[in-house]
Amino acid sequence: MHIDDHSLCSDFPQQRELILRLINGNEEFARIAEAYTRIDTEIHALEVDESPIGDDSMHQLKHQRSLLKDGLYERMMAAE
């Protein structure tokens with residue numbers, strides 16, 4: 001099974017420098033980015049290991065990741 005990489009720099013390669021600048025200089029962005037990375041890592045581990053998790057639980061994790069990514073994207077656009 002192919003597992004997609006959903007790290008912030010992978011999903012937004014053109015904004016890599018901005019992401020790193022915001023992580024290092026904006027405490028709120030860094031906090032949200034850390035939460036995003038934590039959930040993304042959990043999802044990735046579950047997908048790779050094919051760990052037993054219900055579809056509803058996986059959907060909820062992916063939804064949380066999506067909400068965090070949307071918030072991070074809005075902050076990136078506001079910072080440009």
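**Aromatic pairs.** The criterion I applied takes rings of Phe, Tyr and Trp (its six-membered ring) with centres within 6.5 Å; planes under 30 degrees apart are stacked, over 60 edge-to-face, and the rest tilted. The pair consists of F12 and Y73, which are stacked, at 5.4 Å centre to centre and 25° between the planes. F12 lies in the loop between α1 (8-11) and α2 (16-25) and Y73 in helix α4, so the pair ties together parts that are 61 residues apart in sequence. I then looked up accessibility, where buried means under 20% relative accessible area, exposed over 50%, and partly exposed in between (1.4 Å probe, protein chains only). F12 is buried, at a relative accessible area of 11%, whereas Y73 is partly exposed at 37%.

**Basis of the entries.** I note that the model is predicted, that local features need pLDDT of at least 70 and side-chain atom pairs pLDDT 80 or more, and that totals for chains, interfaces and linings use all residues. Residues are numbered from 1 along each chain as its sequence is written, and side-chain values use heavy atoms, with hydrogens and water left out.

**Chain overview.** I recorded 4 helices and 0 strands in the protein chain, in the order α-α-α-α along the sequence. Helices (H or I, at least four residues) and strands (E, at least two) are DSSP runs, numbered from the N terminus. The C-alpha atoms fill a box of roughly 40 × 20 × 15 Å along the principal axes. Of the 80 residues in the protein chain, 29% are buried. For contacts I used heavy atoms within 4.5 Å. Among contacts in the protein chain with a separation of 6 or more, 67% join residues 24 or more positions apart.

**Helices α3 and α4.** I examined how α3 (residues 27-49) packs on α4 (residues 55-79), and found an angle of about 150° with the axes 9 Å apart. Axes are lines fitted to C-alpha atoms, for helices over the stretch in contact, and angles run from 0 to 180 degrees between N-to-C directions. The two helices α3 and α4 are therefore roughly antiparallel; the classes are under 35 degrees for roughly parallel, over 145 for roughly antiparallel, 65 to 115 for roughly perpendicular, and oblique for the rest. The residues of this α3 and α4 contact divide into 13 nonpolar, 1 polar and 8 charged. Here Ala, Val, Leu, Ile, Met, Phe, Trp, Tyr, Cys and Pro count as nonpolar, Asp, Glu, Lys and Arg as charged, and the others, Gly among them, as polar.

**Residue R65.** I located R65 in helix α4. R65 counts as buried, at 10% relative accessibility. Leaving aside neighbours within four places in sequence, R65 is in contact with H6, Y36, I39, D40 and I43. The C-alpha atoms of R65 and I43 are separated by 9.1 Å, at 22 residues apart along the chain.

**Helices α2 and α3.** I found that the axes of α2 and α3 come within 6 Å and cross at roughly 110°. These helices, α2 and α3, are therefore roughly perpendicular to each other. The contact involves I19, L22, I23 and G25 of α2 with E27, F29, A30 and A33 of α3. By class it has 6 nonpolar, 1 polar and 1 charged residues.

**Residue R16.** I placed R16 in helix α2. R16 is partly exposed, with a relative accessible area of 45%.
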